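The following exercises concern a protein chain and its coordinates. Each task is followed by a solution in steps.

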Amino acid sequence: MKLHEYQSKQIFSRYGIPIPKGRVASTALEAKQIAEELGGKVVIKSQVLVGGRGKAGGIRLAKSPTEAEEVATQILSMEIKDLPVRKVLVDEAANISSEIYLGITNDRAARKPVIMASSAGGVDIEEVAQVSPEKIIKVHIDPLLGLRDYQARDVAAGIDLPREHWKTFIAITHGLWKVYTECDATLAEINPLVITAEGQLIALDGKMIIDDNALFRHPEFSEMRDLDAEAPSEIEARKYELSFIKLDGDIGCMVNGAGLAMTTMDIIKLFGGNPANFLDIGGGANADKVAAAFRIILSDPNVKAVLLNVFGGITRCDEVAHGILTAMQEVKPKVPIVARLVGTNAEEGRDILTNAEMITAETLVDAAQKAVVAAKGDLR
Ligand code: GDP
Ligand code: MN
C-alpha cells in the first residue's frame with residue numbers, strides 16, 4: 001500500500017524528521033486559506049500516488065494566497081499519469097541550496113534492508129541511478145542489529161555531506177530507519193532531503209510503501225488507504241481476499257496458489273500469449289470466491305479468454321468444478337474458458353466441466369496453448 005506524500009511526511013515528523021509547515025487541501029479555496037495562514041511563499045503539490053509530479057507540472061510555487069488559489073485550481077484539474085488530482089499539499093516554500101536523496105528499501109538479493117543516499121537528489125535521481133550509479137551509495141543493514149551509528153556516519157561521509165550537517169543528518173537517518181521498521185514499510189524515501197539556504201535540513205518530499213501483509217497490525221494505515229487512487233478491480237479483489245494484480249494482456253488467469261499463478265503466466269507467455277492479470281484465489285476457494293474472481297477478471301474489456309488452472313489438493317476437483325459451474329451461472333462469461341484441473345478427483349472434475357461444454361485440458365502446456373488460441377478467437 002502506497003501512502004501519499006502528506007501522509008508519509010506526517011509519519012516522518014512523528015519520528016523527528018523535520019518537514020515543512022503545511023496542510024493538505026481538497027479545494028482551491030482551502031489552499032488559499034492555508035497559504036494565508038502560512039504567509040509568504042508556498043509550494044502547491046499534487047497528491048497522487050506516482051513519482052515525477054514535478055516534471056509533470058504538478059508541483060508549483062505561489063508567491064501570494066491569490067496565486068496559491070489560482071495554481072491550486074489548475075493543479076486540482078490535472079491528471080498525472082492517468083490519476084486525477086483530488087488533493088494538494090500546501091507547504092511553506094523552502095529556499096533550496098542542495099538536494100539529497102535518502103531512502104531505505106529491501107534488497108531482496110542481499111536479503112537485507114539497504115540505505116541508499118546521494119548528494120545528487122531531486123527529480124533526476126532515476127537518471128543518476130542509470131548514468132552515474134557511483135553517485136548513489138548503499139549501506140546494507142543487518143535486520144537483527146538494526147542501523148548502527150557508524151553506518152549512518154558512513155552514509156554521511158559517502159555523500160560528502162558538509163560536517164556541520166552530520167548531526168542532524170544522522171538523526172534523520174535513524175528516524176527514517178525507525179519509520180521503515182516500525183511501520184513495516186518496504187520503502188521509506190525522502191527525495192529531496194534539502195539543505196536550505198538558511199542551513200536547515202528538511203524533508204521536502206516523502207514516499208512510503210507499507211507491506212500489505214503487515215496491515216493487520218497497523219489499523220491506522222488501512223484508514224489512510226486512498227481508494228480513489230487504486231484500480232477498482234484490485235479493491236474488489238481485496239474484499240474477497242484474492243491476491244489480484246491487473247496486467248496488460250488478454251488472457252485472464254484464475255489459479256490457486258501464488259507459485260502456480262506465476263507458472264501459469266510464464267507458460268502463457270512461452271506460447272506467445274499475454275496474461276491479463278495475476279490472480280491467486282487461495283486454497284479452499286468456494287463458489288462465491290470463484291464467482292467474484294470471474295467477475296473481476298471479466299470486468300477487464302481486454303480479456304479475450306480465461307485460463308483456469310486449479311490444483312485440487314484438500315479441495316477436491318469435482319467440488320471445484322461444481323463451484324465453477326455455480327459461478328458461471330451467475331457471471332455468464334462471454335469469452336471462452338479453458339480449464340485445467342489436476343489432483344484429487346481430477347477426472348470427475350473434468351467430466352463435469354466437459355459436460356457443461358467448457359474447454360478442458362489435462363496438462364498445463366495443453367491448457368496454455370488452448371488459451372492462447374482461444375484468445376486469438378480461433379477456438380470456441
Ligand atoms: P516529485 O517530482 O513527485 O518527486 O515531487 P517533489 O516533492 O520531490 O518535488 C519536485 C521538485 O520540486 C523538488 O525536487 C524540488 O526541486 C522542487 N520543490 C519542491 N518543493 C519545493 C520548495 O518548497 N521550494 C522550491 N524552490 N522547490 C521545491
Ligand atoms: Mn520527489
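**Exercise 1.** Which residues touch the most other members in the largest nonpolar core?

Solution. The model is predicted: local features need pLDDT of at least 70 and side-chain atom pairs count only at pLDDT 80 or more, while totals for chains, interfaces and linings use all residues. Residues are numbered from 1 along each chain as its sequence is written, chains are lettered from A and ligands numbered from 1 in the order in which they are written, and side-chain values use heavy atoms, with hydrogens and water left out.

Step 1. A nonpolar core is a set of buried Ala, Val, Leu, Ile, Met, Phe, Trp, Tyr and Cys residues joined through side-chain atoms within 4.5 Å. Buried means under 20% relative accessible area, exposed over 50%, and partly exposed in between, with a 1.4 Å probe and protein chains only.

Step 2. The largest core has 40 residues, and Leu-102, Phe-169, Met-208 and Phe-221 touch the most other members. Helix H6 (residues 166–182) gives the most to this core, namely eight residues; helices (H or I, at least four residues) and strands (E, at least two) are DSSP runs numbered from the N terminus.

Step 3. A second, separate core comprises 34 residues, including Leu-279, Cys-317, Ala-346 and Ile-352.

**Exercise 2.** Identify the contacts of Leu-102 beyond its neighbours within four places in sequence.

Solution. Contact means heavy atoms within 4.5 Å. With those neighbours set aside, the partners of Leu-102 include Ile-115, Val-155, Phe-169, Ile-172, Leu-176, Ile-190 and Leu-193. Thr-173 and Glu-189 are also among them.

**Exercise 3.** Is Leu-204 buried or exposed?

Solution. Step 1. Leu-204 lies in the loop between strand E12 (201–203) and strand E13 (207–210).

Step 2. Its relative accessible area is 14%, so Leu-204 is buried.

Step 3. Apart from neighbours within four places in sequence, Leu-204 contacts Glu-5, Lys-9, Pro-20, Lys-45, Ala-94, Ile-96, Pro-192 and Val-194.

**Exercise 4.** How is the protein chain divided into domains?

Solution. Step 1. The domain assignment gives domain 1 (21–92), domain 2 (96–224) and domain 3 (231–375); the bounds come from an automatic or database domain assignment.

Step 2. Taken over C-alpha atoms, the centres of domain 2 and domain 3 are 41 Å apart.

Step 3. The C-alpha atoms of the protein chain fill a box of roughly 75 × 50 × 40 Å along the principal axes. Its secondary structure comes to 13 helices and 19 strands, and buried residues make up 49% of its 380 residues.
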